[in-house]
Number of protein chains: 2
Amino acid sequence: MERIKMIIMYDGTDFAGYQVQINQRTVQQVIERALRKMHKQDVRIFSSGRTDSGVHAMGQVIHFDSHLELDEPTWKHALMTLLPSDIRIIEVEKVSQDFHARKDASHKTYLYQIRNAKEHEVFARNFEWHIPRALDVDRMQEAAPLMEGTHDFTAFAASKTNVKGDKTRTIHEVKVLKEGSHIFIEVTGDGFLTHMVRIMVGTLVEIGIRKKDPKCISEALSTNERHKLGLTAPGHGLYLKKVAYEKGKTEH
Amino acid sequence: MERIKMIIMYDGTDFAGYQVQINQRTVQQVIERALRKMHKQDVRIFSSGRTDSGVHAMGQVIHFDSHLELDEPTWKHALMTLLPSDIRIIEVEKVSQDFHARKDASHKTYLYQIRNAKEHEVFARNFEWHIPRALDVDRMQEAAPLMEGTHDFTAFAASKTNVKGDKTRTIHEVKVLKEGSHIFIEVTGDGFLTHMVRIMVGTLVEIGIRKKDPKCISEALSTNERHKLGLTAPGHGLYLKKVAYEKGKTEH
């Protein structure tokens, strides 16, 4: 058996998220179905983590074990042929048997894309959050670093979150960039709670329209109260951009 | 009765083209259904021309007559509320009773979007033609003006074309622009035959990969032979960008 690591990209629009759900089209299900065709038996895949319905990936990482002895370019070509056009394989790598896409991930980067303009681009409606009200980007840029550091992020988790136990995470960087009518928010951290990036983005947006004050962030972090923060930004503006692994972990 | 002109934008991905077809979701059908809800009776719309399945519009123009006495912003808002998210209204204007979206159009501009890169962007797969082989853009730029002017464009029409009679058209400009890994082809003319822009683009692409010589264009124009030209480019890279009307025609 060989362990295969793949970096994949997907358009989340027509998926009910990453994880297998009965009677729903999910990323995991579609890839496992393609692998079953190749192997004539079930193959279970493991990802760096789930993505919600509508959320996209530029660099999701998965791993699985296979008895097929294919080289990396053949793997890429063979599986891609069996996948629908909304999932693409970026890279295939054979890794050691102890590599694990989720457990070995050292940090992840998410990108959130906003279009701040009066009119909406119909072609981008599934790929960015359209905000017609003017956003004060300077104010958002000042507030962003207040979310960095190691904190108990309970207030930044969906109330229906299924993460048990400790909600302490380390956020390395929250960057807000403006390019024309686009605003990009990039968040890098060692781990994320359910909806955490979307709540960070929703809060920054409410700070940008002056509905919230930047100090709501420190208040939320100290009181653990979800209602201190802004709304949960829609999933369709969010991209899992990159999953990083500690050096050495992906070598065989 | 008032005549209303609207500029609309649509994502052609989930439409079987513009024109009404039985059991198919088309742009015309979806707009007429929304207007029927507002008027409690059938309202027929007229466009500047059809677009094929998968083809997008940034500036399609339609007109129709209405007994509702709404001002322009109310029209825009009321109809937009009833339309699905893949059609947007850009502009509403009350025009004189003799305005006709198709008959009065003086010229149209189409935009074709190509991504010339090894890997495909999954998020753009319905919005551009992905060509992994290197394109010689200089060669395409040299060939493009050979398609300009007033010619019998029989060779540039789909063989199943339903345009009867004269196939003489005037093409004002064919521009090829490169921006990073994107190539944009913009074509302006007074009228277009079925698939004409897509055959122009397919021919420029085959010139770009050196499968065809630029002189195939003059040969096709003089012999009317379709096979001298390149393939028909896929519909999903094509956008109806703008429909122009002679000054005065849209004023009341």
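Let's start with the salt bridge between Arg198(A) and Asp52(A), where nitrogen and oxygen sit 2.9 Å apart. By salt bridge I mean a side-chain nitrogen of Lys or Arg within 4 Å of a carboxyl oxygen of Asp or Glu. Side chains of opposite charge can pair when their charged atoms come close.

A word on the source. This is a predicted model, where local features need pLDDT of at least 70 and side-chain atom pairs count only at pLDDT 80 or more, while totals for chains, interfaces and linings use all residues. Residues are numbered from 1 along each chain as its sequence is written, chains are lettered from A and ligands numbered from 1 in the order in which they are written, and side-chain values use heavy atoms, with hydrogens and water left out.

Asp52(A) is in the loop between strand E2 (46-47) and strand E3 (56-66) of chain A. Helices (H or I, at least four residues) and strands (E, at least two) are DSSP runs, numbered from the N terminus.

Arg198(A) counts as buried, at 12%. The cut-offs: buried is under 20% relative accessible area, exposed over 50%, partly exposed in between, with a 1.4 Å probe and protein chains only. What does Asp52(A) touch, leaving out residues up to four places away in sequence? Gly17(A), His195(A) and Arg198(A). Contact means heavy atoms within 4.5 Å.

Next, the domains. Chain A is divided into domain 1 (2-103) and domain 2 (106-242). Those bounds come from an automatic or database domain assignment. The C-alpha centres of the two domains lie 27 Å apart. Between them, 15 residues of domain 1 contact 14 residues of domain 2. The area buried there is about 1100 Å², with carbon and sulfur atoms giving 56%. Buried area is the accessible area (1.4 Å probe) that two parts lose on being put together, summed over both. The count between these domains is 1 salt bridge.

Now the chain interface. Here 18 residues of chain A contact 19 residues of chain B. About 1500 Å² is buried between the chains, 64% of it from carbon and sulfur atoms. Which three residues supply more than any other three of the area that chain A buries against chain B? Val122(A), Phe123(A) and Arg125(A), with 43%. The rule finds 4 salt bridges across this interface. Asp11(B) and Arg125(A) form a salt bridge, with closest N and O atoms 2.8 Å apart.

Over to chain B. His63(B) lies in strand E3 (residues 56-66) of chain B. His63(B) counts as buried, at 2% relative accessibility. Its side chain reaches the backbone nitrogen of Ala101(B) at 2.9 Å.

Asp136(B) and Arg210(B) form a salt bridge at 2.8 Å between closest N and O atoms. Asp136(B) is partly exposed at 22%, and Arg210(B) is exposed at 55%. Glu206(B) and Lys211(B) meet in a salt bridge at 3.9 Å, N to O. Glu206(B) is buried at 8%, whereas Lys211(B) is exposed at 59%.

Last, the total. The structure holds 26 salt bridges over all chains.

Terms used:
Polar contact = N/O pair within 3.5 Å; in protein donor to acceptor, adjacent residues only side chain to side chain.
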